[in-house]
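Student: Can you walk me through this one? I'd like the overall picture, then some single residues.

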Amino acid sequence: MAFENHALNDSMLNIPSEPRGAYTGSNQFIHTCLSCFMFDRENAQPFLVNEDGKKTTRDQLRTVGPWCRQKAKNIFRKKTLYKRLPILSWLPKYSGADAVGDLVAGITVGLTVIPQALAYAGIAGLPAAYGLYGSFMGCFVYIFLGSHKDVPIGPTAIASLLTLQASKGVWQRAVLLGFLSGLIEIVMGVFGLGFLLDFVSGPVNCGFTSAVALIILSSQIKDILGISASGNTFVQMWTSIIEHVPDTRLWDTVLGIVCIIVLLLMRKLASLQIGPVNDGEKTTMQKAINKTLWLIGTSRNAILVIITGGIGAAVHYSGEQFFKLIGPIPPGLPSFEAPPFSIPEITNGTEIIQEGETFSEMVSQLGSGLIVIPLIALLENMAICKAFADGKAIDASQELIAIGTANVFNSFVQGYPGNGALSRGAVNHASGARTPMGSLYTGVLVILALLFFTPYFYYIPRSALAAIIIAAVIFMVEVRVIKPMWRSKKTDLLPGIAAFIACLALPLEFGILVGIGINVIFILYHSARPKITIELCVTSGVNTKYLMITPDRCLIFPSTEYVRNLVNKQGLKSQTPVVIDCSHIYGADYTAATVIESLVKDFESREQKILFYNLKPSVLHVFEGIDNKIMVYYDFDTLERVINEK
């Protein structure tokens with residue numbers, strides 16, 4: 001049937017006569033729906049309404065083909081292609097100035113990545129070579145898929161620690177972890193699951209990061225002291241360190257402490273400025289000196305590795321064993337092959353040197369690391385993007401796809417999980433990176449190091465690498481946020497402190513879950529105790545008293561009993577009509593509907609009026625799902641007239 005294109009009235013819709021502005025039950029819902037949706041007034045075309053409104057299974061199946069074609073068309077359209085391959089947007093506009101900026105930034109970041117990769121492999125419990133293996137392939141992938149110019153892909157301190165806890169130092173598990181976590185990151189990106197990051201609040205993130213920094217710092221104390229120690233958690237590490245303190249090696253300790261002091265002093269060089277504050281007033285010599293100081297401060301890790309490597313080589317060839325050295329690193333590039341999906345059993349006659357593991361056993365050993373590592377990778381990457389976004393929108397889904405693909409390719413060259421690091425991102429930004437092309441030069445530099453310099457890495461003292469890590473992670477302890485958080489909202493400190501303590505005492509994945517859990521409890525408590533405004537009002541003219549009760553948010557299961565008890569209490573106390581102003585109630589659930597039904601019956605039993613004002617049709621539909629008989633009003637004069645009625 002077709003409707004003429006003219007205004008509707010209640011008689012046309014066959015709605016029983018009611019006072020204007022008042023509708024009961026489903027009549028209001030029908031009136032609202034028909035009034036809003038029946039006519040296309042702009043085009044003056046009537047809608048046709050199917051009287052039975054039902055589709056057969058065959059009709060529904062016929063819609064599958066067009067739906068699939070539309071989805072495929074959306075995937076391969078130009079806008080989507082440019083979104084998923086960001087290189088198509090910036091490469092056609094690539095200029096000589098961009099090339100120079102990216103070259104300088106890429107080489108500078110490369111000088112930072114190489115010593116960090118050697119050091120971070122130790123955090124992951126792997127030979128130093130695996131840090132370099134995971135530092136070049138991801139750089140090349142990110143050029144094509146990366147959406148931000150300042151994200152250098154590679155091993156990070158947090159990812160390395162999580163890899164240690166998941167793989168227990170077995171390289172096959174670590175490489176498989178990189179492959180599987182990469183696949184999970186890609187799936188998360190394709191399905192837009194970047195919103196999961198929203199469940200990690202700022203305080204929880206600060207607590208987690210601070211705890212991780214202390215755990216990483218603790219894991220390096222053994223190399224500073226030159227002792228052997230083990231443990232996955234903060235408590236286990238320090239227990240083991242204390243047990244082995246009598247075995248401390250003097251020269252390792254002296255070198256480690258000196259390196260930490262030197263690195264902290266060199267860090268200051270990067271921000272040291274000679275001459276006037278205004279750059280335009282500086283002389284050419286002053287600018288050259290400032291740039292040199294910045295380059296020395298930024299490349300401090302590489303400079304330290306070269307100097308201590310020379311010292312280590314001199315001592316080694318003198319026949320003394322003052323320092324523990326990294327040891328041999330296989331020269332050349334790793335072979336390009338599929339990640340290990342099983343671990344073969346290795347025996348020496350009757351003695352088993354290495355236990356074999358099937359794929360399912362390896363995955364079982366990796367456990368929750370398969371979920372935690374992708375989330376933390378996204379957290380770190382987004383921190384870089386937000387820090388240097390300059391007001392631009394950030395696509396979390398594209399970042400997940402980029403780092404996921406990078407990890408998958410990394411696993412084919414025996415790399416373990418990695419992502420962007422904020423420290424390297426800051427270096428990239430300060431070095432003048434223009435596009436993701438800077439990652440090309442970083443990756444090439446790592447390849448050159450693997451091809452030509454691995455024999456010289458043998459002589460780097462372990463205490464020097466430990467000093468590099470300690471000097472970096474000590475600034476990850478978020479002490480500076482405590483004071484503003486205390487001033488802003490003191491209760492936010494609770495989930496942050498809980499996450500911090502839990503991460504120190506428990507495995508990291510459980511620690512961060514504790515922080516998130518406490519945050520969720522706070523949110524649930526907030527939703528369970530909505531702010532309710534209660535006003536004693538009088539009608540105009542007649543001056544009949546009534547209570548106006550206004551909840552400030554949706555009615556869902558945690559808050560319904562609280563609202564019911566409060567409304568009943570105020571109703572009994574005042575013995576006047578009660579009006580619930582629903583202007584701020586934009587949603588409700590089944591539990592709320594049952595409680596509203598009970599509330600209406602409570603008022604009916606004592607012959608007291610309860611009226612609802614400005615209830616949204618969508619919420620009314622929820623309430624009517626259990627046959628609620630409630631009176632809803634949308635006109636204030638009509639509402640007051642009903643209140644005045646005896």
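This is a predicted model: local features need pLDDT of at least 70, side-chain atom pairs count only at pLDDT 80 or more; totals for chains, interfaces and linings use all residues.

Student: Fine. How many helices and strands does the protein chain have?

Tutor: The protein chain has 28 helices and 12 strands. Helices (H or I, at least four residues) and strands (E, at least two) are DSSP runs, numbered from the N terminus.

Student: What share of the residues is buried?

Tutor: Of 646 residues, 47% count as buried. Buried means under 20% relative accessible area, exposed over 50%, and partly exposed in between (1.4 Å probe, protein chains only).

Student: What about contacts between residues at least 6 apart in sequence?

Tutor: Among those contacts, 77% join residues at least 24 apart. Contact means heavy atoms within 4.5 Å.

Student: Let's do strands. Which strands pair with β10?

Tutor: Strand β9 (residues 545-551) runs parallel to β10, joined by three bridges. On β11 (residues 610-613), the pairing with β10 is also parallel, over four bridges. Two strands pair if DSSP finds at least two bridges between them.

Student: Which residues stand opposite each other?

Tutor: I549 stands opposite I580 in β10. D581 stands opposite Y613 in β11.

Student: And how does the chain cross from β10 to β11?

Tutor: The path goes through helix α26 (residues 590-605), in a right-handed β-α-β crossover. β9, helix α25 (residues 560-574) and β10 also make a right-handed β-α-β unit. Right-handed means that, with the strands pointing away from the viewer, the path from the first strand over the helix to the second runs clockwise.

Student: Are the faces of β10 buried or exposed?

Tutor: Both are covered. V578 and I580 are buried on one side, V579 and D581 on the other.

Student: Switching to helices. Why is α8 called largely enclosed?

Tutor: Because seven of the nine residues of α8 (residues 137-145) are buried. Among them are M137, C139 and Y142.

Student: What do the buried residues of α8 pack against?

Tutor: They pack against α4 (78-84), α5 (87-90), β4 (153-154), α18 (396-411) and α20.

Student: α20 again. What's on the surface there?

Tutor: F453 is found in α20 (residues 438-457). F453 counts as partly exposed, at 44% relative accessibility. F453 also belongs to a nonpolar surface patch with L333, V444, L448, L451, F452 and Y456, about 670 Å² of accessible area together. Patches are made of residues with over 30% relative accessible area and no salt bridge: like charges are joined within 9 Å, nonpolar side chains (Val, Leu, Ile, Met, Phe, Trp, Tyr) within 5 Å.

Student: How many salt bridges does the structure hold?

Tutor: Nine. The criterion is a side-chain nitrogen of Lys or Arg within 4 Å of a carboxyl oxygen of Asp or Glu.

Student: Where do R434 and D98 sit?

Tutor: Their side chains meet in a salt bridge, 2.9 Å from N to O. R434 is in the loop between α19 (422-430) and α20, and D98 is in helix α6 (residues 96-123), 336 residues apart. R434 is partly exposed at 43%, while D98 is buried at 13%.

Student: Which residue forms a salt bridge with E357?

Tutor: R173, with the closest N and O atoms 2.4 Å apart. E357 lies in the loop between β6 (351-354) and α16 (359-366) and R173 in helix α10 (residues 171-190), so the pair ties together parts 184 residues apart in sequence. Both residues are buried.

Student: Last topic. What is the phi of K168?

Tutor: Positive, about 55°, although K168 is not a glycine. K168 is in the loop between α9 (157-167) and α10. N614 also has a positive phi, about 60°, without being a glycine. N614 lies in the loop between β11 and α27 (617-624).

Conventions: Residues are numbered from 1 along each chain as its sequence is written. Side-chain values use heavy atoms; hydrogens and water are left out. Accessible areas come from the Shrake-Rupley method with a 1.4 Å probe; for residues, only the protein chains shown count as cover.
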